[in-house]
Amino acid sequence: MTAKTAVKSANEPADDPLEHMLLFFNLSIRKLAFVGVSLPLITLLTCLATAYVFQYDDVHETHCRVSLNYYLYVATGHDGVYNVIPSISAITGVTPQTYLWRIAVAFHVGPRMVIAQVYYNYFISQMSKVVDKSTSYILINLCYWLNLIEIAAICGVTYISNRENYPVHEKIFILFMLSSLLYMIVMIKTFKMMHKTMTDHQRLSYNIKKILFAICITSTFTLIIYFIKHRFYCHDLAFTWFALSEYVLAVSNMAFHFTITLDFPHEQLIVAKNFPTLKTD
């Protein structure tokens with residue numbers, strides 16, 4: 001080997017490991033979140049519009065416990081309580097809307113599972129920046145499992161409708177509300193703990209999360225109040241306010257999870273072979 005050749009070999013860059021990578025799939029988290037949130041939202045609005053127009057009487061059925069209204073329902077087919085907005089359970093419990101809603105939730109759950117794992121791994125990677133590691137680890141795991149419980153509850157209330165088994169549907173819906181609210185507050189706490197100093201995107205995401213949590217907790221209280229007024233006292237429009245609170249709660253919940261687009265604005269989900277930073281078991 002000549003001196004010239006030796007110098008050339010020394011100056012040549014090392015092989016780029018990405019040259020040997022085979023990319024099979026690439027999707028931004030922003031697009032994944034957009035599909036995961038927009039699909040159930042659009043489906044929910046579609047179910048509301050079609051059920052309201054074509055199945056008005058079916059979706060406005062209620063379960064009052066006042067004897068006078070019960071006898072009125074037997075005589076006339078109506079319970080005598082004025083109602084404007086049907087509940088989510090009502091519009092997704094009639095066919096064919098129930099099929100559309102179940103399909104939408106099926107496509108929604110997949111991205112939610114991925115996003116839950118992304119947040120878990122991200123928070124774990126930030127542990128070195130936190131002083132109180134034991135508390136942080138507990139919050140990270142609590143956040144992760146509450147998220148999974150919420151996802152499971154979504155499946156439960158979707159595939160066990162109120163018309164098929166109301167007692168079970170009601171209990172799973174309560175589980176969904178509790179796990180959702182607990183997840184939000186733990187997520188906000190964990191997010192703040194992991195980001196002592198925040199970027200503009202992180203600060204915006206943090207503030208939006210707090211606002212949406214406040215909306216959700218307020219909607220939950222109004223939902224409970226008007227449910228009691230309707231279920232036990234059969235007040236006019238009580239079920240309408242209950243349903244409105246339910247819609248606000250659902251949309252705010254979707255928006256809360258959509259804030260991942262601010263937390264990971266440029267990150268990608270990649271399926272590849274020979275990826276240099278990928279660790280295999």
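Before you click, a word on burial: a residue is buried under 20% relative accessible area, exposed over 50% and partly exposed in between, using a 1.4 Å probe and protein chains only. This is a predicted model, where local features need pLDDT of at least 70 and side-chain atom pairs count only at pLDDT 80 or more, while totals for chains, interfaces and linings use all residues. Numbering runs from 1 along each chain as its sequence is written, and side-chain values use heavy atoms, leaving out hydrogens and water.

Start with tyrosine 52, which is partly exposed at 33% relative accessibility.

Now look at their rings. Rings of Phe, Tyr and Trp (its six-membered ring) pair if their centres lie within 6.5 Å; planes under 30 degrees apart are stacked, over 60 edge-to-face, and the rest tilted. The structure holds 13 such aromatic pairs. In the pair of tyrosine 52 and tyrosine 56, the centres are 5.2 Å apart and the planes stand at 90 degrees, so this one is edge-to-face.

Next, select tyrosine 120 and tyrosine 144: with centres 5.0 Å apart and planes at 45 degrees, the pair is tilted. Tyrosine 120 is buried at 18%, and tyrosine 144 is buried at 17%.

For a group, pick Tyr119, Tyr122, Phe123 and Phe264, which ring pairs link into a cluster.

Last stop: phenylalanine 191. Lysine 209 lies over the face of its ring, 4.9 Å from the centre (the rule: NZ of Lys or CZ of Arg within 6 Å of the ring centre and within 35 degrees of the ring normal).
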